[in-house]
Structures are given as structure tokens and as C-alpha cells.
Amino acid sequence: MLNLEVDDEVVDDFKEYKFHKASTGHIVFGLNDDRTMYKTIEKRLDEASWEELIENLPEDHARIIVKHVEFLNDSGSKRSKTVVIKWLPDGVRPTEKMIFGSSIQNFLRLFDGTSKAIHAVKRDEAAMPELITHCQYLFKT
């Protein structure tokens, strides 16, 4: 398992996001240009359009997105979970896929309190209705 460096800003950004609990915000992480370190690509704590984010995800680079997802469980109670979306579309170069795949678990260990990770290779797999369906399945009560 590859253990890449992590920019100091990454953990600070995650802690701020987790504390803020912004259901409309998100954080996007990715590899730096040299593919030697994870860095924060975008942090939004305000009213951010999820659809716009998904539409603007690159087809040629992997990303890790952290998002609070609100949903109703089987009994109709409102729940909120922090999920991780691993964006790995088919257009990512094999070298980046290997680096991403062999380092992602170590990277995700930095994020206390995140729930399950969801793998997405197509935009519709990261759409909000799909995330809610995943959460309802994964967090049955």
C-alpha cells in the first residue's frame, strides 16, 4: 500500500467541514501535479450546487469528495451521514489509477467520522438521488 504525503491543509479543511456540518457544502481532494501528495482542490461550506460540482468533475483525474448527505431511513426519521465519494472515471491515466488505488485507504484513515465510501466512475453514480439510495441501503435501522 502506497503512503503518499498529505498537504497540511487537507486535514484542517476536513476538520472545518466536519465541524461546520454544511449539508450543502463539500470538499474535493486530489493528487498534486507530480502525483506525490494529496491536496485540497475545492472546499465549499456555503450553498454549493451538487449538480454543478458533479458536472465539472474532470474525466481524466481521480478525486475524493466528502459530502454530508441527508436522507430518510426506513422509519421515516431524518438522518445525516458524512460520505466519501471516490471519483475514478475511465479516462484517468493508468499510472494515476494505480497511485490512487494503492494510496486511497491510507488517505481515508485521516478522516475521522466519515461513513462508507462510494465508488463512482460515471456522473450519474455520484448524483444526489444515487447517494441517498446508497445511504438508505448502507445505514438501515
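1. Basis. In this predicted model, local features need pLDDT of at least 70 and side-chain atom pairs count only at pLDDT 80 or more, while totals for chains, interfaces and linings use all residues. Residues are numbered from 1 along each chain as its sequence is written, and side-chain values use heavy atoms, with hydrogens and water left out.

2. Largest core. A nonpolar core is a set of buried Ala, Val, Leu, Ile, Met, Phe, Trp, Tyr and Cys residues joined through side-chain atoms within 4.5 Å; buried means under 20% relative accessible area, exposed over 50%, and partly exposed in between (1.4 Å probe, protein chains only). The largest such core has 20 residues, of which Phe 29, Tyr 38, Ile 64, Phe 107 and Phe 111 touch the most other members. Helix H1 (8-20), strand S2 (26-31), strand S4 (63-72) and helix H3 (94-108) each supply at least two residues of this core, and H3 gives the most, with five. Helices (H or I, at least four residues) and strands (E, at least two) are DSSP runs, numbered from the N terminus.

3. Phe 111 and the second core. Leaving aside residues up to four places away in sequence, Phe 111 touches Val 10, Phe 14, Phe 29 and Val 66, where contact means heavy atoms within 4.5 Å. A second, separate core of 18 residues includes Trp 50, Ile 54, Leu 57 and Phe 71.

4. Helix H1. The buried residues in H1 are Val 10, Asp 13, Phe 14 and Tyr 17. They lie on the same side of H1 because they cover an arc of only 100° around the axis, the arc being that of the directions from the helix axis to the C-beta atoms. The face turned away from this buried side carries the exposed residues Asp 8, Lys 15 and Phe 19. Among the elements covering the buried residues of H1 are S2, strand S3 (37-44) and H3.

5. Strand S2. Six of the six residues of S2 are buried. S2 pairs with S3 in the antiparallel sense over six bridges; two strands pair if DSSP finds at least two bridges between them. Phe 29 has Thr 40 in S3 as its bridge partner. Five residues lie between S2 and S3 in this hairpin, and Arg 35 in the turn has a positive phi of about 60°. S2 also runs antiparallel to S4, joined by three bridges, with Ile 27 and Val 66 as bridge partners.

6. Lys 140. This residue is in the segment after helix H4 (128-138). Lys 140 is exposed, with a relative accessible area of 54%.
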